[in-house]
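The points below are grouped by topic.

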Amino acid sequence: MGRVFYDGRVSSPRLDHPECVDGAVPDGLASGPDGRLYAGCNEPSKVLRFDISAKAVETVLDDPIAHLLCHPADIAFRGDDLFAANLGRWHVTVIEDLQSTGSTFEGEGTS
């Protein structure tokens, strides 16, 4: 797995151009309980998961109506629970046991 150094250098392998995923630009980053890198994307409202070894990016959570994930920026994990600070509605969304969701979030529920 690649590493990011304090001076900005990145060792190989590295994932280039993550903004190419459905036009999303990652904002806040967090290391997940599965060892992969996650990014909150404030436009469109989604959370991406990066698999550096496979050089793959997938959408883990997607809220096309920007209701519960309303432009997430900073994200963090506590165990398997994902916390997303949302710029659009000034709230924090908690997705309990993210690993068991297994599908794209469609903006239903409460925050």
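In this predicted model, the side chains of T93 and H91 are joined by a polar contact of 3.2 Å. T93 belongs to strand β7, and H91 lies in β7 as well, a strand that spans residues 91-95. The backbone oxygen of L68 takes part in the arrangement: a polar atom of the T93 side chain lies 2.4 Å from that oxygen, and the side chain of H91 reaches it at 3.0 Å.

- L82 is eleven residues from T93 in sequence, and the C-alpha atoms of the two residues are 8.0 Å apart in space.

**The four-stranded sheet**

- Four strands form an open sheet in the order β1-β2-β3-β4, and their pairing is antiparallel.
- Strands β1 (26-31) and β4 (56-62) are the edges of this sheet, each pairing on one side only.
- On average, neighbouring strands of the sheet are turned by 25° against each other, with direction ignored.
- Within the sheet, β2 (residues 37-42) and β3 (residues 45-51) run antiparallel and are joined by six bridges.
- G40 stands opposite V47 of β3.
- The loop between β2 and β3 contains P44, and the peptide bond that joins E43 and P44 is cis, with omega at about -10°.

**The β5-β6 hairpin**

- Strands β5 and β6 make a hairpin with two residues between them.
- G79, in the turn of this hairpin, has a positive phi of about 65°.
- The two strands run antiparallel and are connected by five bridges.
- I75 has A84 in β6 as its bridge partner.

**Nonpolar cores**

- The largest nonpolar core consists of twelve residues, including A30, Y38, V47, F77 and L98.
- Both I75 and A84 are members of this core, and L82 belongs to it too.
- Strands β4, β5 (72-78) and β6 (81-86) are the elements that give two or more residues to the core.
- Another core, of six residues, lies apart from it; among its members are A24, C41, L48 and I52.

**Cysteines**

- A search of the whole structure finds zero disulfides.
- C41 counts as buried because its relative accessibility is 0%.
- C70 is likewise buried, with a relative accessible area of 7%.

**Backbone geometry between β4 and β5**

- Most residues other than glycine have a negative phi, and most peptide bonds are trans.
- A66 is not a glycine, yet has a positive phi of about 50°; A66 is found in the loop between β4 and β5.
- H71, in the loop between β4 and β5, has a positive phi of about 65° although it is not a glycine.
- Are these two residues buried or exposed, or in between? A66, at 17% relative accessibility, counts as buried because the limit is under 20%, whereas H71, with a relative accessible area of 23%, is partly exposed.

Methods
Residues are numbered from 1 along each chain as its sequence is written. This is a predicted model: local features need pLDDT of at least 70, side-chain atom pairs count only at pLDDT 80 or more; totals for chains, interfaces and linings use all residues. Side-chain values use heavy atoms; hydrogens and water are left out. A polar contact is a pair of N or O atoms within 3.5 Å; within protein, one must be able to donate a hydrogen and the other to accept it, and residues adjacent in sequence count only if both atoms are side-chain atoms. Two strands pair if DSSP finds at least two bridges between them. Axes are lines fitted to C-alpha atoms, for helices over the stretch in contact, and angles run from 0 to 180 degrees between N-to-C directions. A disulfide is a pair of cysteine sulfur atoms within 2.5 Å. Buried means under 20% relative accessible area, exposed over 50%, partly exposed in between (1.4 Å probe, protein chains only). A nonpolar core is a set of buried Ala, Val, Leu, Ile, Met, Phe, Trp, Tyr and Cys residues joined through side-chain atoms within 4.5 Å.
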